[in-house]
Structure formats: C-alpha cells, structure tokens
Amino acid sequence: MIRREFLKKLGQLGIGAYGLSYLRFCGNTEKAVSSKLLSFDVKYPQTAWTMGVVDPNITGTFKIMSWESAFQFEKWERIINTFFKKYYPNIKVQLDWGISFANYNTKLPVLLAGGSPPDLVWMHDTRAKSFASIDLLQNLDPFIEFFKPDGWPQEYYGTQVESFQYNKSQYGFPYDYATGGLYVNLDMYKTIDEELPTENWTFDDLLRVGKKLTKGTRQFGLNLGSEANAGYQYWILRSFGGDWFNEDMTESKFNLPETIEAYQWMNDLRWKHKVAPVPELTQGRPQPFVDGVIAINFDLGAPAFGDLLEDKFNWTVAPTPRGNKGRFQFVGGSALSIPQKAAHKHIAYELTRYMLSNPENLKIIGESGRMFVSRQSMYEYGLPQGKIAKKMTSYKKVFYDLAHRDGVVVPYISKYQEWEDIYRRNTELLYFGEELNAKKVCLKLHDATNRFLESVNSKKKV
Amino acid sequence: MLNKNTQNYIANFITYTILIISSMAVILPFVWMIFSSFKTAGEIWTFPPVFMPKKFQWSNYIDAWNALPFDRFLFNSIFVTVCVTVGQLFTCSFGGYAFARLRFPGRDKLFLMYLATMMIPFPVLMIPLFIIMQSLGWTDTLKSLIVPCLFSAWGTFLMRQFMMGIPRALEDAAKIDGCNYWQLYWKIIVPQCKPVFATLGIFTFMGTWNNFFWPLIMINTIGKKTLPLGLVMFQTRIAAETPWHLIMAASCATVLPILILFVIGQKYYVKGVVTSGLKG
C-alpha cells in the first residue's frame, strides 16, 4: 500500500469511528429524557416492601455506590442481597463501595454529570443541597406520597429529615444520626477539684476548667471543634447568638456582634488563654486526645476512640456547654439518594425504604455500625456495647437525649463547598494566629459571603 | 596542607554522608510502612510515634488478605500495566517514526497540535472521556483503563526526537535493498531505539501502575479494581476508624512483586533514565 492510500484509509477510519460514537450519544440522550418521567401504575402484586409498579421478573443491573469501607459495607450488602433475592431475583446488583469519602465526592459528580449515575448513592448532608439545586438528584416526595415509609416523618430525626430537604422537598432518606459531645480524660481530670461538665455549664465554666487542666505545651485543657470542618463550629456561634446567614440564606450574619464574639472566644482559647493546642502541635497528630495531650476534646459520638485507646487512660463522655443564647448541639449525618438519571428509580426507592424503615434491617445496621440509625425508636442499637459502654455511662444522654433536644441543623446551602473554601481562607488567619482580632476577619468574611450569596441567588433567578 | 589521599578520603566521606542521608529520607517511609504493618490499630496513632511495634502482629497480613481480593487487584494491575506499556511503546514509536521520518502535508502542524494536547490538564478531559467510554459501553471494564492510555503525546515526542538523531543513510541503504515502510521501522529503526524504548517503557509502567484517578472514575465492581483502588477500600469517613495497620500490611504485600521486578530490571531502569537525560 502506498503512503497516500494508507493515510486516506486512516482518515476514513477516524471519520467512521467519530460517526459511530455520535449515533451512540443520540441513543443516550433519549434514554436520559425518558428516565425523568415517573409513573406509579400498579401492574404487579404489591408486597410490604414493593410498590407493584415494576415487574418482579425484570432483568438488568442495579448499581449502588457507597463510601463505606471494607468492614462497614458488609451489613449493607447483606440487606441488599436479601432484598433482591426476594423481590427482584433476576436483577444483577453492582456494588461500588470502599471509595474513601474524598474520592467518593470526586467520582460522584463525574458520574452524575456524565449522565450515567448509579441507581442509589450515599449522600452527605454537606453535599445534598448542592446536587439537588442543579437537578442531579431525584425529588423523593412523589415516592414518599405513594408508598409512605412506616412512621414517616414523625419517627425520624427532624434535623436529619430537614438536612436533606431542598425547596421543601426531600432529596435524601437519612440513614444515621451523628451528634457531637465532649470526650474527657479522667486521669487528667482527677488532678483538679471539679465536677464533670454538664449540659448546664457555660462556656466560661469550660474555660475555667480548661485553664486548670492546661500544663504548658505538654497538656491542653480544651480542643473544641476542628478548623477543617466549619460545621463543627456552628453550634458554638449559635450558642452565643450568632449565625452564618439570615433565614432565607440571602445575607451574611458575620457582622453580628454575637457572631464576632463567638469567633473571638474560640480564637482566644488558642492564642490568648493558651488552653487549646496551636496548629503546629495538632498537625501530624491526627488524634491528640488518643495521644493523651488533650483533657477535654470535642468529637462525634462514634465510639471509635474506644478501639484506639486500648485502656491507655480512663476516659468518659460529657455534654457540650450552653451559651447565653441557649444550648445548641452539633448534629449531622448521611442519607441515601436517587440520582435524577438513575435507570431504576422505583426499585431504588423500594430498597431505600426496605433498608431504612424496616426495624429488622435497622437492627442489623445499628448493631454492626455502632451508630444511631434512621428511626428514633431503634436508638438502643446504636449505643456502645460491652467494655466500652462502661466507660461512657452517659453516652445516651450526651449523644442522644440532649442532641435530640438541642440539635441544630448546620445551614449547608447549595454550593456549600464553594462557600466553605471562602470561609476557610478567612478563618485560617485566626487559626494560624496571623490575625488575633476576630472582628476584622468576620467583617471580611461578611463581605465575601454577601458577594457569594448574591452571585448564587442571581444565578438562581436567571 | 593535606595530602591527596586524605583529601580524597574527606571528599568521599562527605559525598557518602550526603548520599546516605538522602537515601534514608527515601527509604524511611518504606521502612516505616513495613514496621507499621505489624502494629496494632492503637500503636499506629501513638504520639510521639514509635518505630517498632510492641509485639509483631503477623495476623495483620492474613486479615488484610482475607478482607479483600488483593490477588485479583494485583492481577488487574499487572494486566493493565503490561497492556498499556506494550501498547504505548508501539503507538508512540509508530507516531514518532511518522513524525520523524515520513513526509506528508501538514506533518509539523499535526505534530504541534498533538504536542499541544499535553497542555490540557486531565480534569478537563475527564468528563468528555468518561462520556466516550460510556457511549462505547466500556465503563467498568479494564478496556477503559487500557485503550485511552495507549496513546501519549509525550511518548511520541520522546520517540520522534530520538529517531530524528538516527542517520538517514541507514534507511536509504535499507530502501535500496528493497525494505518497505514496515521493514524499515521494524528492522532498522526499532533496534536503534532500544534506549528510548526502555525509558518510555519504565515511565509508562510506573505511571500506569500508580494511576489512581482514572480507574477510580471508570471502575465500579470490586473484581475489576486495581491495586491503588483496592488499598483505599479500607479507608473510612472517620479517620479514627480506618484500619491503617491493615492498609500497611496490604501495601507491603502488594509492593513486593513490583519491588522484585525493579531489582531484576534495575540495570535497564538506570540505563534508560541516563540515556534519555531525564531524571526519575
């Protein structure tokens, strides 16, 4: 073959391949449009867990994506397999799990934007509104209305239900209830003549004890909230009467004296009173409480610490304090959501309902996951068991009863990640001690937040 | 005044000290990984960090291996890496040969355009590439990890530059003897290009072996995951719950085959890097 002919053939092959791929794109677009339509025609026998809308003998692949790790996904897999074996035996289930949280949040947007999402996805409260606002998640209201889960919504945690709402519609079915509390090193604590913190303690009480517990740079009294997670600081500023945004999320409230006071209090712990560790001491030390450097540490109620501590010292849990504007406690969690372009939405909803409202399944999830599951009546399965339970005698009171009473939903606005970047860039100045005056930082953040909200809301109007 | 021997001795001492310290900085994380693979979950988090475990937990290796199909991950990684490396050597050498030796209209402009693709960051290409894979029905297949990686502008550039240095007289003589283009490529050019093949092979092998991001997007089922994806399957959302001791054990076990391969092929690796003037 002469060179000219060879190049001509090559060119033809290229055009052919391009044409073929174009035709395939057309096919996909059609499928995406039809998948938006929802139908609730009951054509098949209904069961307690299926609507009768989908043929039980349907074939195909049902895709699920989760951030749960190797040891955590086991319980979910057991329930998922039982569901499909019983109700849709010809469906092949494709489980994509063991993706770390950060990687999950990279992969999911690509799959959603690429138009080929899984049928059911794990969703975090920090992301739900962002995805819902750009129409990437399915509104669950029609499903809930047609096939109401047992006890919905009154038996589910109000804060969790609210966290997964956008424009008053439900976009995620909450599966857990993560709350914040204080972990106390009792060996350090017994050296001071003080009672353990209670829910009636004020922030001043905590500071007073923190000072007593601090010993130079060897031991720090307090470690409240991580700078890496803005949500972990929100309960503190609400206790002071401050806030991030106004009620309809159109204006910043970083200029409120109460907001400024809260950030000043948090910053003074580190730089003025020196009762909290400075960044150099906590960086590269992921668990300072476990290392025995912190006397009172804020963290979530997952009793994972128990495994790490291995009886290094005596410890227990205690409630977070109240501010002069009331007591607010951090609550958060995750949910299951159905992508807008999922191929099997009805089955996805049925499976979600089966996993998260069926007491038998919630028992399995709670016991093996060591977390409070979606229904309040099943709380006991989320309580620590055995040896670790003895260390945390007030676990239920701290992480369940008080959270239930005082839990506050963090306002995770749509495009929260973008805003959190702005937040972090500014508050880092306080964290690293480059600026000691919280007012200056808060006012700067106030302007930046207002600009951000304005741009988000103007796009919404368009 | 120091005599020559003493001067040499001091110079050697300084050189070796610097080299040993630099080597330590590179080796230490590996040694740390090995010792951590024998620790308990609690020991991993201890501060100040302890180097040696109190008691060697050999069971970490068994637990890690039983928890996930690492043999499958290893096979997938080897399969993908070998296919991509061999494939890239072919496509890049073909491309390089065409750009270096063949004369056709728009050759240099085409080459510049091809080179310009190196300037586009991968995240920009990710979604279009994902859609192409999806439209071909290749998502969640090893094909999706192999085919898009078979072509490399950087590799083609490397090949072209090297091939441009081969004397034309060799080709002319072969043409007179009746060689066609394929024979010219295979019998004349390829034997001259062994060093650049080694270089490209090594860098492609390493890049593909460590590739994480693209497989993360494309692969959904456990049986098709590669080693880098498999290793992060232990990670949990709450850092304290991540079994780092098992991750370390799995990392040690899976790094072994590639380490053996490196020891065997070390000569070629060094030669390849030195020949191309590239630093590893």
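Predicted model: local features only at pLDDT ≥ 70, side-chain atom pairs only at ≥ 80, totals over all residues.

1. The open sheet. Chain A has an open sheet of five strands, ordered β2-β1-β3-β12-β6, with mixed pairing. Its edges are β2 (91-96) and β6 (173-174) of chain A, each of which pairs on one side only. Strand β1 (residues 60-65) of chain A runs parallel to β2(A), and six bridges join the two. For orientation, A:F62 has A:V93 in β2(A) as its bridge partner.

2. Strand β7 of chain A. This strand covers residues 176-185, and nine of its 10 residues are buried, so β7(A) is largely enclosed by the rest of the structure. Pairing with β9 (residues 294-300) of chain A is antiparallel and involves five bridges; within it, A:L182 is the bridge partner of A:F298. Strand β10 (residues 315-318) of chain A is also antiparallel to β7(A), with four bridges, and A:V317 in β10(A) stands opposite A:Y183.

3. Further partners of β7(A). Two bridges link β7(A) to strand β11 (residues 329-332) of chain A in the antiparallel sense. Here A:A178 has A:G332 as its bridge partner. Strand β13 (residues 372-373) of chain A likewise pairs antiparallel with β7(A) over two bridges, and A:F372 in β13(A) stands opposite A:Y177.

4. Over all chains, the whole structure contains 17 salt bridges. One of them joins A:D96 to A:K107, with 2.7 Å between the closest N and O atoms. A:D96 is in strand β2 of chain A and A:K107 in helix α3 (residues 101-113) of chain A, so the pair ties together parts 11 residues apart in sequence. Relative accessibility is 3% for A:D96, which therefore counts as buried. A:K107, at 1%, also counts as buried.

5. A partly exposed pair. The side chains of A:K396 and A:D401 form a salt bridge with an N to O distance of 3.1 Å. A:K396 has a relative accessible area of 27% and is partly exposed. A:D401 counts as partly exposed too, at 33% relative accessibility.

6. In the salt bridge between B:R101 and B:E171, the closest N and O atoms are 2.0 Å apart. B:R101 belongs to helix α4 (residues 70-101) of chain B and B:E171 to helix α9 (residues 168-176) of chain B, so the pair ties together parts that are 70 residues apart in sequence. Both B:R101 and B:E171 are buried. Elsewhere, A:E194, A:D205, A:R208 and A:K212 are joined into one network by salt bridges that share partners.

7. Cavities. How many cavities of 30 Å³ or more are there? The count is five. The largest cavity holds about 100 Å³ of space. Its lining has 14 residues, and those nearest its centre are A:K63, A:Q94, A:L111, A:S116 and B:N220.

8. Make-up of the lining. Two or more residues of the lining of the largest cavity come from each of β1 and β2 of chain A and α12 (213-218) of chain B. β1(A) gives the largest share, three residues. By type, the lining of the largest cavity has eight nonpolar, four polar and two charged residues.

Notes: Residues numbered from 1 in each chain as written. Chains lettered and ligands numbered in written order. Heavy atoms only, no water. Pairing = 2+ DSSP bridges. Salt bridge = Lys/Arg side-chain N within 4 Å of Asp/Glu carboxyl O. Buried < 20%, exposed > 50% of the residue type's maximum accessible area, 1.4 Å probe, protein only. 1 Å grid on protein atoms, 1.4 Å probe; cavity = no way out; pocket = protein on both sides within 12 Å on 5 of 7 lines; lining within 4 Å. Points joined across faces, edges and corners; volume = space filled by probe spheres on them. Nonpolar A, V, L, I, M, F, W, Y, C, P; charged D, E, K, R; others polar.
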